[in-house]
Amino acid sequence: MARVKKICQVGFVVRNVQEAARHFQEDYGIGEWRFSCPDEDLGELLINEKPGKFNLKVAMSNAMNIELELMEPVGEGPYMDYLKEHGPGVHHIAVLMEDGRREVQEVLEREKAAGHPIFVHAEMAKGEPGQKMDCTCIDRRADMGAILEVYNEDR
């Protein structure tokens, strides 16, 4: 059975990543924020097994050993759909697997077989197996109250 090494991130979908980061920093002292566009930083991606894009602006900050991720959808896709349906708020909890890519794939296949919805599965299109980003967001809100993002790399 696949095992979680650590909880590494809490992700939020927001309407404006700059504004949300400013509020975290000014109102709660959580910051230094790193801003990026994953589609530019990660190169070609496979989204749900097809060439695609996240269509996000992102801000990341480490807060007390947990990474916070703010995600602003900037185009059509699953994150924009989520924002339209649920509004801004906590989106996922990310976990790092003990054995990296093999376990991410194991979890993906097990969750699909169990009929749990896959919110998004993303991996870098180029790179050596086991050396490229691979993550799966599994929608377990119905039975666990959360979307779990399963990673193969330490964050």
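Tutor: Let's start with burial: a residue is buried when its relative accessible area is under 20%, exposed when that area is over 50%, and partly exposed in between (1.4 Å probe, protein chains only). The model is predicted, so local features need pLDDT of at least 70 and side-chain atom pairs count only at pLDDT 80 or more, while totals for chains, interfaces and linings use all residues. Residues are numbered from 1 along each chain as its sequence is written, and side-chain values use heavy atoms, with hydrogens and water left out.

Student: Why does Glu-111 count as buried?

Tutor: Its relative accessibility is 5%, and the cut-off for buried is under 20%, so Glu-111 is buried. You will find Glu-111 in helix H4, residues 100–113. Helices here are DSSP runs of H or I with at least four residues, strands are E runs of at least two, and both are numbered from the N terminus.

Student: What makes Glu-111 and Arg-140 a salt bridge?

Tutor: A salt bridge needs a side-chain nitrogen of Lys or Arg within 4 Å of a carboxyl oxygen of Asp or Glu. For Glu-111 and Arg-140 the N to O distance is 3.0 Å, so the pair qualifies. Because Glu-111 lies in helix H4 and Arg-140 in strand S9 (residues 134–140), the pair ties together parts that are 29 residues apart in sequence. Arg-140 is buried too, at 13% relative accessibility. The pair belongs to a network of salt bridges that links Arg-110, Glu-111, Arg-140 and Asp-143.

Student: Which residues does Glu-111 contact, leaving aside its neighbours within four places in sequence?

Tutor: With contact meaning heavy atoms within 4.5 Å, they are His-116, Ile-118, Ile-138 and Arg-140.

Student: What makes Arg-22 and Glu-19 a pair about one helical turn apart?

Tutor: They are three residues apart in helix H1, which means a separation of about one helical turn. An α-helix has 3.6 residues a turn, so residues three or four places apart point the same way. The two side chains form a salt bridge at 2.5 Å, N to O. Arg-22 is partly exposed at 33% relative accessibility, and Glu-19 is partly exposed at 35%. In total, the structure holds eight salt bridges.

Student: How do you know that the span of H1 agrees with its number of residues?

Tutor: The expected span is 1.5 Å times one less than the number of residues. For the twelve residues of H1 (residues 17–28) that gives 16 Å, and the end C-alpha atoms are 16 Å apart, so the two agree.

Student: Which residues of H1 are buried, and what puts them on the same side?

Tutor: The buried ones are Val-17, Ala-20, Ala-21 and Phe-24. They cover an arc of only 100 degrees around the axis, so they share one side of H1; the arc is that of the directions from the helix axis to the C-beta atoms. These buried residues pack against strands S1 (4–13), S2 (34–36), S5 (56–63) and S6 (66–73). Just after H1, Gly-29 has a positive phi of about 70 degrees.
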